[in-house]
Amino acid sequence: MKKFTKIFIIIFFSVLIFFGFAIPLNLLSSNWYNQYLPNLNNRPLSDITFVDSLLGFAVIGNNTSADTNYIIKTTNGGDNWFKLDSTYGGISRIIFLNANTGFVGGGSIHGGFIYKTTNSGINWFLLPASVFASHFDDMYLLNQDTIFVVDDDGFYGGVYRTTNGGNDWEHLIGSPAYLPQKIYMYDRNLGFFSTGSQLELFRTTNSGINWIKINGEVGFSQITFIDALTGWKASGYLMKKSTNGGLNWINQPLPVATTGYISGGMFHFSIINKDTIWGVGGSYQYPNLQNRGVIYRTTNGGNNWLFQIPDTSIIKIPGYSFIYFYNKFIGWAYIGNRGIHTTNGGDTTFISNIKEQITNISKDFVLFQNYPNPFNQCTIINVQCTIKSYLEIKVFDISGREITTLINEKKSPGIYEVRFKGDNLSSGVYFYSLFMDGVRVDTKKMVLIK
């Protein structure tokens, strides 16, 4: 019996070695492995969705009316993709309700459009009367009959709704008073839209007929509710949770790093259940200045977040803009024309936010809120330190890109004032971070309005 077992083991590993080329190389050293989208005239990924563990769809294009955009499909979990169709114009969203019924929306030189398929992308047809706005920035489907779209154009823009599959459209709220860029509807009544640069958040409880601004809250890059009261929103840097239907939002601090630092924050997330959420948007910078994409995860509804940097020795992706988990094992993270995929729940190693070290450091430093805030051209930032240390104050845009450094020198104990000018910047949300001896110890938000 022992001899037979030994022979079986030898044969088993010989087969593995012989057929090793069929196993993704990255999978041998990580629970994530690389995937690549087809190169279609060097167009980047615009939007992507998965119906189940194998079937997925994506749109490739520059999201502008001057370029050809492509619709692609995978039937093996993203390992291979093939082209379904192309259209002259920017596609901003692709949504599938099931394996057969899907929609794409965007805009061209002829106006906004929505195409529909009922045979899994083989054929597409233009919805009636969908060409009426300059373009569509975002689209949300409650079902194949009820569709909401938003357009931030100053003349044609606003929130549009159809309840009969696109045959007729209502212009619920118009510009220039509102410039919506993102929209989300939990059900036929409760929904939200975000204005340009994620400056403002609006809420409806009567199917978009009336919208109320949520004062003190920025908009979102993604917002999702699991019931009428509980939801999360990401705004490019912050992750927040609501337990009262979006009336109030509580900040959920994301992890920080004790060596190097994490820029950016939360841009997109995927909810498995009320406790487990995956997210992307951050980029970890090593002390040698190399950047790697960060993947966040919480298992207690966002009260605590951990992060992992998938297989940094092989995967050289500096950040991710999309993440989706079909279940607790199968997930994807993508940006541009490349991504990573796991079929066993991602890497087992997570890095926690080391609160003890940050807490001890922060007692010696205070980063004050800028004033005025919001500001027009110039704002003042104060920082107080009680011990001599090397201080840095860096400013980032909402995507995490560093704008400028305001302080970068060793300072003695005292209070220091710096001015930040936004003359050459567009209106929007910005963040400024305080670093002590290379470690980020605090971050605050400021709003530039011109």
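Start by selecting histidine 268: leaving aside residues up to four places away in sequence, it touches Gln222, Trp278, Gly279, Val280, Ser321, Phe322 and Ile323, where contact means heavy atoms within 4.5 Å. Histidine 268 lies in strand β22 (residues 261-271); helices (H or I, at least four residues) and strands (E, at least two) are DSSP runs, numbered from the N terminus. You are looking at a predicted model, where local features need pLDDT of at least 70, side-chain atom pairs count only at pLDDT 80 or more, and totals for chains, interfaces and linings use all residues. Residues are numbered from 1 along each chain as its sequence is written, and side-chain values use heavy atoms, with hydrogens and water left out.

Is histidine 268 buried or exposed? Histidine 268 counts as buried at 17% relative accessibility, because buried means under 20% relative accessible area, exposed over 50%, and partly exposed in between (1.4 Å probe, protein chains only). Now show the side chain of glutamine 222: a polar contact of 3.4 Å joins it to the side chain of histidine 268. A polar contact is a pair of N or O atoms within 3.5 Å; within protein, one must be able to donate a hydrogen and the other to accept it, and residues adjacent in sequence count only if both atoms are side-chain atoms.

Next, follow Phe322, one of the contacts of histidine 268. Phenylalanine 322 stands opposite tyrosine 334 in β27. Strands β26 (residues 322-325) and β27 (residues 331-335) pair in the antiparallel sense over 4 bridges; two strands pair if DSSP finds at least two bridges between them. Together β26 and β27 form a hairpin, with 5 residues between them.

Now select glutamate 217, in the loop between β17 (212-213) and β18 (222-225). Glutamate 217 is buried, with a relative accessible area of 10%. Its side chain makes a polar contact of 3.1 Å with the side chain of lysine 233.

Move on to the open sheet of 4 strands, ordered β6-β7-β8-β9 with antiparallel pairing. β6 (90-96) and β9 (125-126) stand at the edges, each with a single partner strand, so one side of each is left without a neighbour in the sheet. In β8, look for tyrosine 115, the bridge partner of valine 104.

Finish at the largest nonpolar core, which has 20 residues: a set of buried Ala, Val, Leu, Ile, Met, Phe, Trp, Tyr and Cys residues joined through side-chain atoms within 4.5 Å. Select Leu367, Ile381, Ile393, Tyr432, Leu434 and Met446, which touch the most other members. The largest share of this core, 4 residues, comes from β34.
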